[in-house]
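Work through the exercises below with the sequence and the model side by side, trying each task before reading its solution.

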Amino acid sequence: MRLGGWVHRSRDLGGIVFIDLRDRDGIVQVCIGPAWAPAELIAQTHALKSESVVTIEGEVVARPPQGRNPELATGDVEVHATALQVVGPAETPAIQVARAKGEELAAEELRLKYRHLDLRRPELQANLILRHRLLQRARRVLSELDFLELETPILTKPTPEGARDYLVPSRVHPGEFYALPQSPQIYKQLLMVSGFDRYFQIARCFRDEDLRFDRQPEFSQIDIEASFVTQEDVIGFVEQVLVALWDEAGHKIARPFPRLTWREAMERYGTDKPDLRFDFPIADWTTQVQPLGVPFFQSATNGSRVRGIAVPGGGSLSRKDVDQFTEAAKTVGAPGLAWVKRQGEQLSGSVGKHFTAEALGKIGVGDGDVAFITVGPDRVTSPALDKVRREVIRRLAPQPKVAHALCWVVDFPLFEPDPETGRPVFAHHPFTSPRPEDVSKLDSDPFACRALHYDAVYNGNELGSGSIRITDPAVQRTVFRHLGLSPEEIETRFGFLLNALAAGAPPHGGFAIGFDRTVMLIVGAASMRDVIAFPKTTAARALFEGAPAPARPEDLAALHIKVVPPHE
């Protein structure tokens, strides 16, 4: 037989040379010994360098019982080579591809700079192979549901999606710019107006925003839209796709997923991305603690509440842990974090002297437990206690109730107040329909309007968002007006959409699954960079090819652009 691949590692053991030959399917052991290989072939192997590309001819034979390797798919056989040709000699690699167990990887920036070598690692190859399988499974599921895969433009017009656009200058129209799409939102709505009642796309999206481990400036999403549907229909479609993706990776999850309203999620978990694998719910203790006369709680008036988390078994947390929880709460605006620990009848903590065992029992704090408490308006206590809850889970590492906790969060607010001006700003995007019973409140009480919006959440991570869209041009204009757009701005920026809606628009809605993030979570990677072939750094740089880079003066001149240095 004939094989080709990369030299993963080689070993000379008393005249017999063993080569681990690697390709995307795995590793096979190649043996070159005097009983079957010519002497010149054995001599040739002494100069063989790691990561060189070779072709080998030989015979597949069973390994002796003592030489079998159960960790390899090919561990019961080996290849006795009779010929070897180096077809791609390699210099000493800048980073190590073959690593011993427990050996650390090179620094990530170095691995991104030499991404062609890093991508040879079996772990990354397995991630990208699974990514391919997941994409094909999603395509099959949606095709079977009669969705059509249609492409939308990459060079488009700036639209408000919540982040900054990447702008592309037009050479043939000086002073005018395209925008790279933050999502295909408007185009997929136009497809519904055009009569394509079920659309999907593996869409490339671009957002010029600050990066995190689960964000990239360009990313992929499984984008869907359907006509003549309700929220229930869209949720059903998305559940089928997600169940199939987890099944492709070997995990069984059941549907329908549990649901929480946005208010329930914020009340019990302090976040609209709750991790339902664990308990530790947030509770309102305002009434219970008022008679205790704790000075820290006296500000619970005029919309402020006393809220906290009872932590069973939390008595094992150290004072250092508690101090770190307090600092975490302060980073999101909380005035501090009170705490009380119960060990039998003995109470301790920053407010322990104000409590009795009976009072603690009323708020669910038993022997060996601890309570963490803060005070303020919900916009302060919710993120603070969400942070504390996540830190408690991380430190105590309780056994999860389930391995895969998917849920829906529904009934989001349509608007939220701008933190500086107090004016309404859209909570998600301005094409989301208010609930029918709340349309009458758009002018009189916009903050009371609930949206037909729904998020899919997995183990505390948002997988994607969707909504039923506005199809009434008058309602759409009202939403734009609340966002501070003048009639002229509305017409200039969105006239084409409003004209399409006025031409007869079916009820429609959709969803977008953040595909890179989903793959990251399914494989258990620490970063999206581990499931993307050529990712950017947290500084939005592509280290392998050196992008972004300065443009040549003649290219800028052709685009009628002049670069102005930033102010010192």
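In β16, Phe372 is the residue that stands opposite Ile309. This is a predicted model, in which local features need pLDDT of at least 70 and side-chain atom pairs count only at pLDDT 80 or more, while totals for chains, interfaces and linings use all residues. Residues are numbered from 1 along each chain as its sequence is written, and side-chain values use heavy atoms, with hydrogens and water left out.

**Exercise 1.** Find the strands that join β13, and decide whether its residues are buried or exposed.

*Solution.* Strand β12 (residues 282–284) runs antiparallel to β13 and is joined to it by three bridges, with Ile282 having Ile309 as its bridge partner. Strand β16 (residues 370–376), also antiparallel to β13, is joined to it by seven bridges. Finally, check accessibility: seven of the seven residues of β13 are buried, where buried means under 20% relative accessible area, exposed over 50%, and partly exposed in between (1.4 Å probe, protein chains only). Both faces are covered, with Arg305, Arg307, Ile309 and Val311 on one side and Val306, Gly308 and Ala310 on the other.

**Exercise 2.** Which residues touch the most other members of the largest nonpolar core?

*Solution.* A nonpolar core is a set of buried Ala, Val, Leu, Ile, Met, Phe, Trp, Tyr and Cys residues joined through side-chain atoms within 4.5 Å. The largest one has 44 residues, and Leu242, Leu245, Trp408 and Phe511 touch the most other members. Helix α6 (residues 231–248) supplies the largest share of this core, nine residues. Now take Leu245: apart from neighbours within four places in sequence, this residue is in contact (heavy atoms within 4.5 Å) with Leu134, Ala138, Ile222, Thr518 and Ile522. A second, separate core has 20 residues, including Phe280, Phe325, Val380 and Val392.

Key:
Helix = DSSP H or I, 4+ residues; strand = E, 2+ residues; numbered from the N terminus. Pairing = 2+ DSSP bridges.
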